[in-house]
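I opened this model to look up a few local features. My entries follow in the order in which I made them.

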Amino acid sequence: MNQVKPKKFLGQHFLTDLKVASDIADTVDACPDLPVLEVGPGMGVLTQYLLKKNRPFKVIEIDYESVPYLHEHFPELGDNIILGDFLKMDLNEAFGGKPFVLTGNYPYNISSQIFFRMVEHKQLIPCCTGMIQKEVAERMAAEPGSKVYGVLSVLIQAWYDVEYLFTVHENVFNPPPKVKSAVIRLTRNGKQSLGCDEALFRRIVKTVFTQRRKMLRNPMKQILPKGCPILADDVFNKRPEQLSVQDFIELTNRVSEYV
Ligand code: SAH
């Protein structure tokens, strides 16, 4: 069977370095015993190593051309090859409601959407590993004070410990992407709730980072009523990138009395 022709609109950049593929597959070893769901297997470069982990294993691939290729090369996967869109998949159905590890060399064009979906299903996904655009990996792992600390950092780190594992050069892909890549691992931090109004927490984080150079007082005027007394508090002199996840939780609790 012919090789799959890479399609740009699906974010297809096939990994060609088997050592890197095997190293990415090994990132699931830190989350033992759980079933594994691979997003976007393409021609199966990671799949071949994930199969050796001998765990319940499924792959979901949106590309109608890759799926027959996978059936031919990995007949042992059978019905565990799903043709579909990860963003629309019913994750409760993936392994009969059991928690699983999410992994893959992800389609970079939808990586943020994949991770926001993961957070929505955090009770099902205690561990998530894989490769994404280096810049996105850096944003996910960033600490307060860093130039790239932002919405993705706070909303993910609220629920997951983030490890930046290693960087991957663009010349090990076909076709080479324009950006460098990085492999990450996210592990649930065990928090069952944040101890604040979580919808308001998300709203505050998203709102203040639209004006990341400004003191919180400015963007928070969109959320707090006009002339709200707490706008005089010192915390509103800070810029969003100075606040830790815990600071955002405390801010949310302070603000929730007034909205
Ligand atoms: N894992 C392969 C392919 C990586 S490219 C490798 O490392 O070589 C990203 C893959 O994700 C492509 O195969 C693409 O078809 C697939 N993909 C893109 N959008 C998807 C979606 N919404 N759901 C599932 N798979 C998707």
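**Notebook: loops, ligand, helices**

I began with P175, which I found in the loop between β8 (173-174) and β9 (181-188). Helices (H or I, at least four residues) and strands (E, at least two) are DSSP runs, numbered from the N terminus. A cis peptide bond joins N174 and P175, and I read omega as about -10 degrees.

**Ground rules**

I noted that this is a predicted model, in which local features need pLDDT of at least 70 and side-chain atom pairs count only at pLDDT 80 or more, while totals for chains, interfaces and linings use all residues. Residues are numbered from 1 along each chain as its sequence is written, and side-chain values use heavy atoms, with hydrogens and water left out.

**Positive phi**

I looked up D33 next. Its phi is near 75 degrees, a positive value in a residue other than glycine. D33 has its place in the loop between α1 (18-26) and β2 (36-39). Is D33 buried or exposed? D33 counts as exposed because its relative accessibility is 73%. For these labels, buried means under 20% relative accessible area, exposed over 50%, and partly exposed in between (1.4 Å probe, protein chains only).

I then turned to N54. Phi of N54 is near 55 degrees, again positive in a residue other than glycine. N54 lies in the loop between α2 (47-51) and β3. With 70% relative accessibility, N54 counts as exposed.

**Ligand**

Which residues are closest to the ligand? I found 20 residues around the ligand, and the closest are L15, G40, E61, D85 and N105. A residue is near a molecule if one of its heavy atoms lies within 4 Å of it. I sorted the shell by type: ten residues are nonpolar, seven polar and three charged. Here Ala, Val, Leu, Ile, Met, Phe, Trp, Tyr, Cys and Pro count as nonpolar, Asp, Glu, Lys and Arg as charged, and the others, Gly among them, as polar. β1 (14-15) and β3 (57-61) each supply at least two residues of this shell.

I checked backbone atoms against ligand nitrogen. A polar contact is a pair of N or O atoms within 3.5 Å; within protein, one must be able to donate a hydrogen and the other to accept it, and residues adjacent in sequence count only if both atoms are side-chain atoms. A backbone N or O atom of P41 is 3.4 Å from a nitrogen atom of the ligand. For I62, a polar backbone atom lies 3.4 Å from a ligand nitrogen atom. For F86, a backbone N or O atom is 2.9 Å from a nitrogen atom of the ligand. The protein covers 97% of the 570 Å² of accessible area that the ligand has on its own. I note that accessible areas come from the Shrake-Rupley method with a 1.4 Å probe; for residues, only the protein chains shown count as cover.

**D90**

I found D90 in the loop between β4 (81-83) and α4 (91-94). D90 is partly exposed, with a relative accessible area of 43%. A polar atom of the D90 side chain lies 3.0 Å from the backbone nitrogen of N92. D90 and Q192 are 102 residues apart in sequence, and their C-alpha atoms are 22 Å apart in space.

**Other positions**

How far apart in space are I204 and Q192? I read 20 Å, C-alpha to C-alpha, for these two, which are twelve residues apart in sequence. I204 lies in helix α8 (residues 198-208). I204 is buried, at a relative accessible area of 0%.

L186 lies in strand β9. L186 is buried as well, since its relative accessible area is 0%. L186 and M140 are 46 residues apart along the chain, and 9.4 Å separates their C-alpha atoms.

My last entry is Q246, in helix α10 (residues 245-256). Q246 is partly exposed, with a relative accessible area of 39%. Between Q246 and V154 I read 9.6 Å, C-alpha to C-alpha, across 92 residues in sequence.
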